[in-house]
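Here are a few friendly notes to read with the model open beside you.

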Amino acid sequence: MAGRIGFRYMKECLTQKLKSMGSPVAKSRHLSSAASSGSSSSSSSSAAAAVKPKFPHSSRKGRLLTGATIGLLIGGGAYASTVDEATFGGWLFNATKVVNPFFALLDPEVAHRLAVTAASRGWVPRERKPDPQILGLEVWGRRFSNPIGLSAGFDKNAEAVEGLLALGFGFVEVGSVTPIPQEGNPKPRIFRLREEGALINRCGFNSEGIVAVAKRLGAQHGKRKLAETSSTSTSSNDEVKQGGKAGPGILGVNIGKNKSSEDAAADYVQGVHTLSQYADYLVINISSPNTPGLRQLQGRKQLKDLVKKVQAARDEMQWAEEGPPPLLVKIAPDLSKQDLEDIAAVALALRLDGLIISNTTISRPEEIQSNPVSKESGGLSGKPLFGLSTNILKDMYILTKGRIPLIGCGGVSSGEDAYKKIRAGATLVQLYTAFAYGGPALIPRIKV
């Protein structure tokens, strides 16, 4: 099957290329034939020599790119004919390493937009191999094929859930989603620290709003339900069965508040009422450093009041046998020991379903301070955040006595990093910045 697809794609591309050059090529062939058959006539041969075929002009870079593309197609088609789909899928993941450096030449937000578009249209590799059973786990009564997830911030508006899950993530978290659409902070607002493997962003909850996101998630949910009911005999016995609501894995929905809102609790309640029916778990984001006053909600009294209202809003809705989605809170890494103790006390008292540790940091570790970009305001993510976020994770695991599932997030860029998060107390692990730099090829590598 993979071979036929590969060769068909190769043939179509070559056919289109030849069509675009058809007239000049035909002319050159005719002239060559006329010149060979009319050698006895000097006038006809001189006329043939006078007329030159007009090939399309192309730069050296263009010719090299065309040649490389055709070479990849031929090589890919030939390779696809000799292997199964899973092996060919692995080849495609590796092939993204060739494309990924070009994204680094673009403005960070433009590159992000292109990546989301590619995933939303299925222009990304698809993981065909089932995850090893040893990676699977059950949390909140939901089956995760592996513990590696994509954190909120990449697919803010739930445009590419299916494509991202197909890359091999065990779960994907969309958002943060605000009740009313908002543009976020002025651009530029995303900055690369390439050598440090880090990003600084001050996006400010740019969101299309809960209505647009609900429409997308509703369509995806309906599509999957239809597929489940109409295809009872097409699924393979070897395929890992997932429990997600909007794709082959688990879907989290991260909810935020509008910048201009004076009632944060009302914003989160509205998000729960509109989006919780499509979520396998919900996240209250109260830790972004780019929305004024948001982190104040992490205080003991504020957090307790907020969680109570959101839990009540969720529980008053009608739910099937599976019950309501778990409710998590995402916290900052820039917290004092007293702050952590207060959050842990509220989480235990209100039986919160989980915590995500952590969001980006407003601190600037010593190893990045020599980089001029580090002076930009906003939240720092990536490798420099790993130590700080992992220490907070370890502390919170002790404070909650291991009773609450924790998602470790911050600076994960390898399988070793993911394992360190788990050793520090994480049940699940999320990444983002490493994915932005490493592209799809990172996902299968991090699970090995």
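1. Strand β3 (residues 148-150) and β4 run parallel, joined by 2 bridges; strands count as paired if DSSP finds at least two bridges between them. Across this pairing, glycine 149 faces phenylalanine 171 of β4. The model is a predicted one, in which local features need pLDDT of at least 70 and side-chain atom pairs count only at pLDDT 80 or more, while totals for chains, interfaces and linings use all residues. Residues are numbered from 1 along each chain as its sequence is written, and side-chain values use heavy atoms, leaving out hydrogens and water.

2. Together with helix α7 (residues 161-166), β3 and β4 make a right-handed β-α-β unit. Right-handed here means that, with the strands pointing away from the viewer, the path from the first strand over the helix to the second runs clockwise. Helices (H or I, at least four residues) and strands (E, at least two) are DSSP runs, numbered from the N terminus.

3. β4 also runs parallel to strand β7 (residues 250-255), and 5 bridges join them. Valine 174 has valine 253 in β7 as its bridge partner. How many residues of β4 (residues 171-177) are buried? The count is 7 of 7, where buried means under 20% relative accessible area, exposed over 50% and partly exposed in between (1.4 Å probe, protein chains only).

4. The whole structure holds 7 aromatic pairs; rings of Phe, Tyr and Trp (its six-membered ring) pair if their centres lie within 6.5 Å, with planes under 30 degrees apart counted as stacked, over 60 as edge-to-face and the rest as tilted. Phenylalanine 144 and phenylalanine 171 are edge-to-face because their planes stand at 85 degrees, with ring centres 5.5 Å apart. Phenylalanine 144 is buried at 0% relative accessibility, and phenylalanine 171 is buried with a relative accessible area of 0%.

5. Another edge-to-face pair joins phenylalanine 154 and phenylalanine 435, at 5.3 Å centre to centre and 65 degrees between the planes. Phenylalanine 154 sits in the loop between β3 and α7, and phenylalanine 435 in helix α14 (residues 433-438), 281 residues apart.

6. Which residues do ring pairs link into a cluster? They are Trp140, Phe144, Phe171 and Tyr281.

7. Finally, the surface: leucine 114, in helix α6 (residues 108-120), counts as partly exposed because its relative accessibility is 42%.
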